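Dear colleague,

Please find the structure below, handed over for your own work.

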Amino acid sequence: MIAEDVKTIFKPYVLSEDYLDIGNGQFVSIDFFIDLFGNVSTPPTFDDLMSVDCGTRGYAEFFARCKSEGLFN
Amino acid sequence: MANDEISMQQLYDAWKTLEDWVKGSSTDKPKVVNVNGSGTEIFTDETPGAVKLAGRYVKELKFMETNFWIGKTSHLGYIHSGSNFPNTYSDTTPIDCRHFEPSVFLKNGYDQHVNVTIYGHLRPSGSQIEDRLVVVAQEPLAAGASKFYNKDSYPLFSASIFGLCIAVTSSSPAPTTGTLRALVIGRV
């Protein structure tokens, strides 16, 4: 994924073009998000993203919500 | 810009959040000001700490830089239970919140989530500081994430506490590269 992919896929959660609202009052820059998840193919799947998150980066809840809303499979 | 820095945009966003927080103020709304007096905002990635608040309603209490506050022992007696961070620092300066409603802006620049606990020390009783800490916020902060903590979300953030102690424990695996930063501010 590149930044434009992130902005498209996660569009409902993009803030000010440069940030993602990942819930619970937390926001993260898209640049940092790309550093973490940029190697995931486009379009991503929940499993792809979680294979990078590994349960240690703190994004599981956000990705689960996105999946439930149909942003990806 | 390195991932472990608070960016200009993030600081600006934090100030915008703060501005909303102190709604009701008018000409004294806090805003970002230029510390060199040229009239131009001077957010830079290299010198985020140069940013100052303007406005009588808000006071910057503490800007804690890279690894500054990841201490083994805080002034308030909290013992940092994590041992995986590359650096430790014992900060013996309390964050005095007696005259301000405190609020905290945190940025986790690490590549793993960290577990954040913000303790409030109970307000002095007479001349004695009560030897008791209360947890005012406790939760994980995702890798790369920033968050603004205040009493709107955490009711125990209030003038009833004397000081703040921010404690962080690592996730597993422990973060490797990055920094943690905190900006503590108070509403007068």
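S2(A) and S3(A) make a hairpin with two residues between them, and A:Asn24 in the turn has a positive phi of about 55°. Helices (H or I, at least four residues) and strands (E, at least two) are DSSP runs, numbered from the N terminus. The model is a predicted one, in which local features need pLDDT of at least 70 and side-chain atom pairs count only at pLDDT 80 or more, whereas totals for chains, interfaces and linings use all residues. Residues are numbered from 1 along each chain as its sequence is written, while chains are lettered from A and ligands numbered from 1 in the order in which they are written.

Strand S2 (residues 19–23) of chain A runs antiparallel to S3(A), joined to it by four bridges; strands count as paired if DSSP finds at least two bridges between them. A:Gly23 has A:Gln26 as its bridge partner in S3(A). The positive phi of A:Asn24 occurs in a residue other than glycine. A:Asn24 counts as partly exposed because it has 15 C-beta neighbours inside 10 Å. For these classes, a residue is buried if 20 or more other C-beta atoms lie within 10 Å of its own, exposed if 12 or fewer, and partly exposed in between, with C-beta atoms placed from the backbone.

S3(A) is covered on both faces: A:Gln26 and A:Val28 are buried on one side, and A:Phe27 and A:Ser29 on the other. In a regular strand, side chains alternate between the two faces of the sheet.

**Contact between the chains**

Chain A contributes 15 residues to the contact and chain B contributes 20 residues; two residues are in contact if their C-beta atoms, placed from the backbone, lie within 7 Å. On the side of chain A that touches chain B, the elements giving two or more residues are strand S3 (26–29) and helix H2 (30–37). That side has seven nonpolar, five polar and three charged residues. In this classification Ala, Val, Leu, Ile, Met, Phe, Trp, Tyr, Cys and Pro count as nonpolar, Asp, Glu, Lys and Arg as charged, and the others, Gly among them, as polar.

S3(A) also pairs with strand S8 (residues 145–149) of chain B, in the antiparallel sense and over three bridges. Here A:Val28 has B:Ala145 as its bridge partner in S8(B).

The largest nonpolar core has 45 residues, of which A:Leu20, A:Ile22, A:Val28, B:Val104 and B:Ile118 touch the most other members. Strand S10 (residues 180–187) of chain B gives the most to this core, with five residues. Such a core is a set of buried Ala, Val, Leu, Ile, Met, Phe, Trp, Tyr and Cys residues joined through C-beta atoms within 7 Å. Leaving aside neighbours within four places in sequence, B:Val104 is in contact with B:Ile118, B:Tyr149, B:Ile166, B:Ala182 and B:Val184.

**The chains as a whole**

Chain A has four helices and three strands, in the order α-β-β-β-α-α-α along the sequence. Its radius of gyration is 11 Å, which agrees with the value near 11 Å for a compact globule of 73 residues; the radius is taken over C-alpha atoms, and the globule rule is 2.2 Å times the number of residues to the power 0.38. Of the 73 residues of chain A, 33% count as buried.

Chain B has one helix and ten strands. Of its 188 residues, 39% count as buried.

In helix H4 (residues 60–68) of chain A, the buried residues are A:Phe62, A:Phe63 and A:Cys66. Seen down the axis of H4(A), these residues fall within an arc of 95°, so they line one face of the helix; the arc is that of the directions from the helix axis to the C-beta atoms. They pack against S2 and helix H3 (46–53) of chain A. A:Gly70, which follows H4(A), has a positive phi near 80°.

Two further backbone features deserve a check. The peptide bond from A:Thr42 to A:Pro43 is cis, with omega near -5°, and A:Pro43 is found in the loop between H2 and H3 of chain A. A:Cys54, in the loop between H3 and H4 of chain A, has a positive phi near 55°.

With kind regards
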